[in-house]
Amino acid sequence: MQQLHTPHVVVVMGVAGTGKTTIGPLLAARLGVPYAEGDDFHPPANIAKMTAGTPLTDEDRWPWLDAIGGWAHGRAGLGGVVSSSALKRSYRDRLRAAAPGVVFVHLSGSRELIEDRMSHRQGHFMPTALLDSQFATLQPLETDEAGVAVDVAGTPEEITERAVRALEDLPHPAE
């Protein structure tokens with residue numbers, strides 16, 4: 001399998017259960033860049049809230065998004081992949097403010113498919129009960145946002161391949 005190199009910093013986004021933590025590392029490996037797990041940027045208070053089934057507020061998310069944006073900024077021109085739900089346009093705008101060249105891969109799929117996948121995973125702090133709030137919050141990528149939507153049906157390898165092909169069609173950031 002050909003390994004591609006890209007100067008893009010890619011944010012793998014989507015609601016919980018779309019496979020950000022699975023697809024992110026696979027995509028990073030295919031692109032030949034490092035991967036950062038977005039959940040690792042959450043302060044402990046955020047994880048406690050989500051574990052308790054309490055959705056995060058925007059105020060909860062700002063420090064988390066700023067930490068992800070700082071990582072992405074540090075990878076500008078070098079490339080990287082980081083996961084982040086980035087459900088709202090304002091969240092993606094905040095990430096772009098910190099790292100203007102980021103592009104988004106929106107992992108998307110039906111609520112039924114995602115709920116089924118969430119019900120089978122173990123050891124994750126995000127309960128299925130929060131899926132409705134995730135879909136209610138989701139604002140898909142708009143036409144003026146650098147990024148692509150990728151369907152999450154199929155195997156992780158198939159999803160990753162679709163993401164790689166879609167990213168190839170995006171313009172490369174200015175050197």
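**Close-up 1. Residues at the contact of H1 with H7.** In this predicted model, Thr22, Ile23, Leu26, Leu27, Arg30 and Leu31 of H1 meet Pro156, Ile159, Thr160, Glu161, Ala163, Val164 and Leu167 of H7. Contact means heavy atoms within 4.5 Å. By class, nine residues are nonpolar, two polar and two charged. Nonpolar covers Ala, Val, Leu, Ile, Met, Phe, Trp, Tyr, Cys and Pro; charged covers Asp, Glu, Lys and Arg; the others, Gly among them, are polar.

**Close-up 2. Axes of H1 and H7.** H1 spans residues 20-31 and H7 residues 156-168. Their axes, lines fitted to C-alpha atoms over the stretch in contact, lie 9 Å apart at about 55 degrees. H1 passes H7 in a right-handed crossing: the near helix is turned clockwise from the far one by less than a right angle.

**Close-up 3. The chain around the pair.** Seven helices and five strands make up the secondary structure. Helices are DSSP runs (H or I) of at least four residues, strands (E) of at least two. From the N terminus, the order is β-α-β-α-α-β-α-β-α-α-β-α. Of the 175 residues, 43% are buried (under 20% relative accessible area, 1.4 Å probe). Among contacts with a separation of 6 or more, 76% join residues 24 or more positions apart.

**Notes.** Residues are numbered from 1 along each chain as its sequence is written, and side-chain values use heavy atoms, without hydrogens and water. Local features need pLDDT of at least 70, side-chain atom pairs count only at pLDDT 80 or more, and totals for chains, interfaces and linings use all residues.

Definitions and conventions:
Buried < 20%, exposed > 50% of the residue type's maximum accessible area, 1.4 Å probe, protein only. Axes fitted to C-alpha atoms, helices over the stretch in contact; angles between N-to-C directions.
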